[in-house]
Amino acid sequence: MTALLDDALRDVIDRLDVGVFVLNRDLEVLFWNSFMVANSGKSVSEVIGRKLPELFPELPERWLRKKVDTVFILKNRSFTAWEQRPYLFRFQHNRPVTGGVEHMYQNCTFNPCRGDGDEVEMVAVTLQDVTDLAMAHRALEIARDRLEQSSRVDGLTGLFNRSHWEQCLVGEFKRSKRSGTEFALIMFDLDHFKAINDNYGHPAGDEVLRAVGQCLQQLIRETDIVGRYGGEEFGVIAPDCDLDGACGLAERIRTEIEALSVVHEGLPIHVTTSLGVALCSAEVESHEALIGHADEALYRTKHEGRNSYRVYRSG
Amino acid sequence: MSDTIQLSADQCDCLQEVVNVAMGQAGDSLARLLGVFVTLSVPKIEIVAPADVHRIMEGKYVSATRQAFQDGKGKDGLRGEALVVFGDSSFRELAELLQYDDEDMGCVAEQELLLDISNVLNGACLTGIADQLGEELFYSPPSILGQGERIAQMLERDNLHWESALSVEINYKLENRSFDCDLLLLMPDTAISHLAGKLDQILEDL
């Protein structure tokens, strides 16, 4: 009965949908199941009695020896996981059509096999194909990155949306208070934007906003943070920037937007902008107050003729 | 938490002795594995509540791994999770000892190294303890809990369901290299009661 059971078990292990092979301390192969045959292309008779690193020169031999030694010395299981070591053997994966991966991802376990005494005589290695898991994990990561991106970015203009931009402003405000450095805030909106929507239709208005978004992204420094604050209202946070620098940036934004020519259904549309500049100096109490200052300067620009900028002056 | 299981003074002494022996064996295994002389301090053991775990390496940026263990006797047996918390150790030197090739030493290889060392420490320490208690333990593969973070952050995010932990603070010196780590055995109360029962048996046999 026992012999029959042993045979049956051996058969089950041979047919498992998991790689199973057994090594001695010299890394000679003592057992090699069908999964290993099918995936390595090496038959049982080819591998038995031969050293694994000779059969597979691409294996990291020094590392493998140490790994197997660990099991012999500590009499303890040892593992490899696909997250850290994607594969032990460079096997093809079994989804050549739907794949999108080059190789089979593998999780391996190195198990000690004790002999009659307490000493470890052999190491039995199991190799699991975790390609599906790895793929699902990777898809999840990509989706998460996209989600994170889309939760920060305004779809139309490609600029940061209001909530993320305001978070950045709060961060910059705190940093400025801590380090005692100043930064500038520019708020601006497009002049007579409603008229564009009324005269040319909303798709034209969207086209203009998209063009302004692109223009701003090319214009600002890498450290500047630009966001869409409202419908046609925008904000630029300019770290480590004094009043002169901020005025220079405001003027550049004004001229670049003035120079834009958005062609909609064959007709060119031109747009101008009014800007307000405020400096976050030591006296400014909150980020809301700072936005208030820039807005106040913006209203003055509007009152005094548009297509220009004004600087907030306290008192 | 005040309702944390407490061990009696005798049980504590006995556990300390069991852990000393186990860690001695673990140190010996490490020495044979790495081919270097290993010295270790007497492990400091303590039963701690979850809130107290945040004090471990407080304020320091650490790396940590987790590995589940169980004795195969179900929910009243010895089971839990082993956390290994690494301080600011020199991975390059450890990598050299474990014969990782230089070109491997990226972030991912560093993770594999953390996992390998954790597996060695957990295996050696827990098997050592289990042997003395007449138990056999089974382990899951270890995984990374977090890297370059504070321990409080990692545990908060993970929302662990355990009541008490046996904290084993160990400090290894490998020849002229030294590395510090904390080994935490997180166990549900039932497992700590089981452990206390086993300690009582050892005490009776003395």
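Let me begin with His192(A), which sits in the loop between strand S6 (183-190) and H8 of chain A. Helices here are DSSP runs of H or I with at least four residues, strands are runs of E with at least two, and both are numbered from the N terminus. His192(A) is not a glycine, yet its phi is positive, about 50 degrees. His192(A) has 13 C-beta neighbours inside 10 Å, so it counts as partly exposed. On the cut-offs: a residue is buried if 20 or more other C-beta atoms lie within 10 Å of its own, exposed if 12 or fewer, and partly exposed in between, with C-beta atoms placed from the backbone.

Before going further, the ground rules. This is a predicted model, in which local features need pLDDT of at least 70 and side-chain atom pairs count only at pLDDT 80 or more, while totals for chains, interfaces and linings use all residues. Residues are numbered from 1 along each chain as its sequence is written, and chains are lettered from A and ligands numbered from 1 in the order in which they are written.

A second residue of this kind is Lys75(A), with a positive phi near 55 degrees, again in a residue other than glycine. Lys75(A) lies in the loop between helix H5 (61-74) and S3 of chain A. Lys75(A) is partly exposed because 16 other C-beta atoms lie within 10 Å.

Back to H8. Helix H8 (residues 193-200) of chain A packs on helix H9 (residues 202-219) of chain A at about 135 degrees, with the axes 6 Å apart. The axes are lines fitted to C-alpha atoms, for helices over the stretch in contact, and angles run from 0 to 180 degrees between N-to-C directions. H8(A) is therefore oblique to H9(A); under 35 degrees would be roughly parallel, over 145 roughly antiparallel, 65 to 115 roughly perpendicular, and the rest is oblique. Which residues meet? Phe193(A), Ile196(A), Asn197(A) and Tyr200(A) in H8(A) meet His202(A), Ala204(A), Gly205(A) and Val208(A) in H9(A). Contact means C-beta atoms, placed from the backbone, within 7 Å.

Now the sheet. Chain A has an open sheet of 5 strands in the order S2-S1-S5-S4-S3, with antiparallel pairing. Two strands pair if DSSP finds at least two bridges between them. The edge strands, each pairing on one side only, are strand S2 (29-32) and strand S3 (78-80) of chain A. From one strand to the next, the twist averages 20 degrees. S3(A) pairs with strand S4 (residues 106-114) of chain A in the antiparallel sense over 3 bridges, and Ser78(A) stands opposite Phe110(A) in S4(A).

Helix H1(A) is hardly covered: the count of buried residues among its 14 residues is 0.

Last, chain B. Chain B has 6 helices and 8 strands, and 39% of its 206 residues count as buried. Its contact with chain A takes 19 residues from chain B and 14 residues from chain A. H4(B) gives the largest share of the chain B side, 9 residues.

Terms used: Two residues are in contact if their C-beta atoms, placed from the backbone, lie within 7 Å.
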